[in-house]
Every structure is written in C-alpha cells, then in structure tokens.
Amino acid sequence: MTALALGPTGTVFLLAVGFWVWMLCDCVKHERYPWVFLLVMLNIIGAVLYFSVQWLPERFKSGGAEPKTYWVRGRQPSPDQIRQAETDVRNIGKASQFLTLGNLLFENRQNEKAYEAYQQVLEKEPKNVRALWGAARCTYELKNYLAAKGYLAKLLALEPEFAYGNASLAYAEVLHHTADNAAATAQLQAHVKNWSDPEAYWLLADLQAKQGDNVAARATLETMVLKIKGFAPFRYRKTKHFISRSERRLKDLSKA
C-alpha cells in the first residue's frame, strides 16, 4: 500500500483525493449543498464540474480574491419562508415584516422585488439603517451605483461603523464605480485608520497608482502586507493571497 502511494499511480490518486476534498470543503463553506450532493455522488467528476462551473469563474471575476464580505449573501431561503413573509406583509404590513421580506428576497437574488420591500420600510422609517443597507445592496447589484451611493451616504451619516466597517468599504467602492475617485481615495484613507481590510488597502493603492502617486501606492501595499502578516491564523489564511498579489504589483510599480 505504501509502495503504491509512493508510485506515480499512488501520487495521482492522492492528488485527486486532495482536489476532491478541497472542492468539497469549499462547497460546505459556502453552503452549496446541492453541489455537495453532486460531489458525493459523482466523486472526482463532480469536483471537476464544481471547479469549472463555480469555483474558477468566481476567482476569475474577483481577480483571485475572496468575494467581498459586504455583498456576500447568506443561505438561500426556502419558498415557504418567502411565502410566509409575503403573507405577513399583506396581512399586517409592519416595517419589520417588510424588512424580513426584503432580506429573504435579496438572499434569493430577487433584487428588484427586494428593493421594493426595502422602500416600503423606508417610507415608514426613513432612518432604518438595515433598510438603507438593503436598498444599497439591491441597487448595487442592479448596477445603479448613483442610487447605491445615496443610500450608503445616508446610512453612514446615521451609523458610521455599520456592519463593522462593511458599509464604509462598500461606499468607497461605489464612489469608485461612479468615477468619484478623489472622494473614494479620501474614504479609503479614513477607512484603513479604523479597519485593516486588505480589499480597502488594495483599492486605495490602485487609485493612488492611477493618480500617478506610485510612492503612496507602494507604501499602502507594504502596509497591507505587514497588516496581513499580523492577522490571526484563520484570517491570515483567508487573506494571504493578497501578499503575492502585492509583491507582483510592487514590482510593476518599481518599474514605472
């Protein structure tokens, strides 16, 4: 058995098992239970399908980074949950019930309907920060960045530290999408004083480089690397890919 494991066939087998376990862990981590079933049923074929259809496109879209936590959805709700929430708003119609419906619809990727539910909340409670957050997420997904910018500005005026800084970072990204790069840079500079998000440092360095300030961009990337190396082990494992990306970017900046 040992000889087999050490031979070419055994090595291929171990690599295949490792690949399958890696894909399975990713499915469980992101609560993609239908994929878990397929991986169990189809074994390595299921792992290859998951890698090709789900894992690889996500990494290509995000440049190899983890999806941004402030836009990530939770577990997809069941039809019964949505149906019950819709019944509650029809029969009673409290702001809290519209908020619950909006959240469920957003998790189910029904962005337009979710936005309508959040609007109902804001008509009743204009300063409801969770409804402002929900409306911002919906309009962002619908690529209405100006609307998202407005909702996030109101939200941050009411609660600057909402969602442990996620709203602050989202606001900087929306400013970037609307080509308000000076405001985005200022927002990110303020953000990194309070939160050590690698995404924030990366975007800030990118904006600084585009503005021709390579010295500032290098300093930002170097600071980010030091911050990541000081993270707790779990967070370090989730963000260490930024280190290699930064090293490549630093080399490019030194040539510029």
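The model is predicted: local features need pLDDT of at least 70, side-chain atom pairs count only at pLDDT 80 or more, and totals for chains, interfaces and linings use all residues. Residues are numbered from 1 along each chain as its sequence is written, and side-chain values use heavy atoms, without hydrogens and water.

## Exercise 1: the whole chain

Task. State how many helices and strands the chain has, and what percentage of its residues count as buried.

Solution. Start with the elements: there are 15 helices and 0 strands (DSSP runs, numbered from the N terminus; helices are H or I with at least four residues, strands E with at least two). Then take burial: 42% of the 256 residues count as buried (under 20% relative accessible area; exposed is over 50%, partly exposed in between; 1.4 Å probe, protein chains only).

## Exercise 2: helix 15

Task. Check the span of helix 15 (residues 241–255), then find what its buried residues pack against.

Solution. First, the expected span is 1.5 Å times one less than the number of residues. Next, list the buried residues: His 241, Phe 242, Ile 243, Arg 245, Ser 246, Leu 250 and Leu 253. These pack against helix 12 (198–210), helix 13 (214–229) and helix 14 (233–239).

## Exercise 3: helix 11 against helix 12

Task. Classify the packing of helix 11 (residues 181–191) and helix 12 by angle.

Solution. The axes lie 10 Å apart, at an angle of about 140° (lines fitted to C-alpha atoms over the stretch in contact; angles run from 0 to 180 degrees between N-to-C directions). Under 35 degrees is roughly parallel, over 145 roughly antiparallel, 65 to 115 roughly perpendicular, and the rest oblique. Helix 11 and helix 12 are therefore oblique. Now the residues: Asn 181, Ala 184, Thr 185, Leu 188, Gln 189 and His 191 in helix 11 meet Ala 200, Leu 203, Leu 204, Leu 207 and Gln 208 in helix 12 (contact: heavy atoms within 4.5 Å).

## Exercise 4: two glutamines

Solution. Gln 187 sits in helix 11. Not counting residues up to four places away in sequence, Gln 187 touches Leu 156, Ser 168, Tyr 171, Ala 172 and Leu 175. Gln 76 lies in the loop between helix 4 (44–61) and helix 5 (79–91).
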